[in-house]
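User: Please go through this model with me, one question at a time. I want the cut-offs stated where a term is used.

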Amino acid sequence: MNVLWLQSGGCGGCSMSLLCADTTDFHGQLRDANINLLWHPSLSLESGQELIAMLSAIQAGTLRLDALCIEGALLRGPNGTGRFHVLAGTGIPMVRWVEQLAARARHVVAVGSCAAWGGITAGGSNPTDACGLQYEDDRVGGLLGAAFRSGSGLPVINIAGCPTHPGWVLDSLMALADNTLLAEDLDSLGRPRFYADQLVHHGCSRNEYYEYKASAEKPSDLGCMMEHMGCKGTQVHADCNLRPWNGEGSCTRGGYACIACTEPGFQEPGHPFHTTPKIAGIPIGLPTDMPKAWFVALASLSKSATPRRVKLNAVADHLVVAPIARKTRLK
């Protein structure tokens with residue numbers, strides 16, 4: 001499977017994340033999966049006229065393009081010209097290249113939330129008129145339009161995240177190479193369901209504190225960060241805590257609240273990332289699928305049943321009270 005990777009308006013963080021994949025032989029892993037990386041701006045030796053010749057061959061149909069991967073938001077400004085970002089040596093705006101190459105590609109893949117929804121690049125007043133490949137935040141459209149379908153018949157595959165997880169990228173490309181990523185394997189926002197059908201909350205190391213509503217009150221506390229510290233892990237679609245980065249890390253394991261980076265519009269939540277907005281003391285962002293009355297009742301019951309150990313540990317930066325060791329007999 002021939003893969004072309006281009007970078008548009010972004011920080012390059014998704015490529016940095018990709019290089020943290022759990023392998024000592026990144027190129028070998030691609031090769032073993034029958035994936036041929038035609039070109040990547042940071043990983044490939046070809047440049048200048050060599051790249052332009054490659055792009056021209058794809059346009060002419062003499063070089064097959066199986067997957068076009070775009071990292072970074074698409075910059076349509078100023079005034080729709082796209083000239084805020086011109087591909088060096090061509091004089092042609094990147095958005096025009098993407099449109100032409102997408103028309104040739106069997107699959108089109110948005111790598112990261114900038115390419116998927118616009119992301120951080122589209123924040124604020126958005127002076128560059130940045131957007132995603134097929135979305136502007138949660139509105140279908142973007143650069144390629146709502147009706148776009150690649151040569152495979154699929155819409156843009158949105159591997160969202162800021163940065164996206166290397167495993168999500170490699171697993172998606174491997175599934176495409178094996179022809180096993182189908183329309184029914186994408187969620188309603190075009191994200192691969194193998195990670196988007198999970199919540200960040202699943203597998204979180206702080207789940208005992210969440211169950212008892214034993215909440216962190218300041219940075220470094222061990223408790224659940226939903227109630228006071230802005231964590232949205234119970235609402236956000238991703239398996240970050242089931243497949244940690246490098247087998248070890250995730251935002252919540254590192255003491256940082258989940259800021260919903262796989263979701264459209266995460267960059268402008270309307271409140272500081274580290275605080276939880278509330279009405280009458282009740283968090284506005286409740287766990288997915290949970291009615292407010294149920295949450296209030298559950299929270300009240302949980303808090304009244306919180307063990308002393310959990311209550312003390314929740315507001316400390318280390319285990320103050322360890323679980324009691326009891327004699328048990330397994331039968």
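The questions below move from the whole chain to single residues.

Analyst: This is a predicted model, in which local features need pLDDT of at least 70 and side-chain atom pairs count only at pLDDT 80 or more, while totals for chains, interfaces and linings use all residues. Residues are numbered from 1 along each chain as its sequence is written, and side-chain values use heavy atoms, with hydrogens and water left out.

User: How many helices and strands are there in the protein chain?

Analyst: Helices (H or I, at least four residues) and strands (E, at least two) are taken as DSSP runs, numbered from the N terminus. On that basis the protein chain has 10 helices and 13 strands.

User: What percentage of the residues in the protein chain is buried?

Analyst: Buried means under 20% relative accessible area, exposed means over 50%, and partly exposed lies in between (1.4 Å probe, protein chains only). The C-alpha atoms fill a box of roughly 70 × 50 × 35 Å along the principal axes. Of the 331 residues in the protein chain, the buried share is 49%.

User: Among contacts with a separation of 6 or more, what share comes from residues 24 or more positions apart?

Analyst: A contact means heavy atoms within 4.5 Å. For the protein chain, residues 24 or more positions apart account for a share of 69%.

User: At what angle do helix H3 and helix H4 pack, and what is that arrangement called?

Analyst: Two packed helices are described by the angle between their axes and the distance between the axes. Axes here are lines fitted to C-alpha atoms, for helices over the stretch in contact, and angles run from 0 to 180 degrees between N-to-C directions. Helix H3 (residues 49-60) and helix H4 (residues 94-102) have axes 9 Å apart and an angle of about 45°. Under 35 degrees counts as roughly parallel, over 145 as roughly antiparallel, 65 to 115 as roughly perpendicular and the rest as oblique, so H3 is to H4 oblique.

User: Which residues make the contact of H3 with H4, and how do they divide by type?

Analyst: H3 contributes Leu 55, Ile 58 and Gln 59, and H4 contributes Trp 97, Gln 100 and Leu 101. Ala, Val, Leu, Ile, Met, Phe, Trp, Tyr, Cys and Pro count as nonpolar, Asp, Glu, Lys and Arg as charged, and the others, Gly among them, as polar. The residues of this contact therefore divide into 4 nonpolar, 2 polar and no charged.

User: Which residues does UniProt list for "binding site", and what is the largest C-alpha distance among them?

Analyst: The unreviewed UniProt entry lists Cys 240, Cys 258 and Cys 261; its positions are given in the numbering used here, feature names are shortened, and annotations may be inferred rather than shown by experiment. These residues are spread over 22 residues of sequence but cluster in space, with a largest C-alpha distance of 11.0 Å.

User: Is Cys 240 buried or exposed?

Analyst: Cys 240 sits in the loop between helix H8 (207-211) and strand E12 (278-279). Not counting residues up to four places away in sequence, Cys 240 touches Trp 168, Val 200, Trp 245 and Ser 250. Its relative accessible area is 13%, so Cys 240 is buried.

User: Is Cys 258 buried or exposed?

Analyst: Cys 258 is also placed in the loop between H8 and E12. Beyond four places in sequence, Cys 258 touches several residues, including Val 200, Gly 230 and Cys 231. Because its relative accessibility is 8%, Cys 258 counts as buried.

User: Which residues is Gly 190 in contact with, leaving aside its neighbours within four places in sequence?

Analyst: Gly 190 lies in the loop between helix H6 (166-177) and helix H7 (193-196). With 7% relative accessibility, Gly 190 counts as buried. Its contacts are Val 156, Ile 157 and Asn 158.

User: Which residues does a cis peptide bond join at omega of about -5°?

Analyst: Most residues other than glycine have a negative phi, and most peptide bonds are trans. At omega of about -5°, the residues joined are Gly 77 and Pro 78.

User: What is phi of Asn 79?

Analyst: Asn 79 lies in the loop between E4 and E5, and at 81% relative accessibility Asn 79 counts as exposed. Asn 79 is a residue other than glycine with a positive phi, near 55°.
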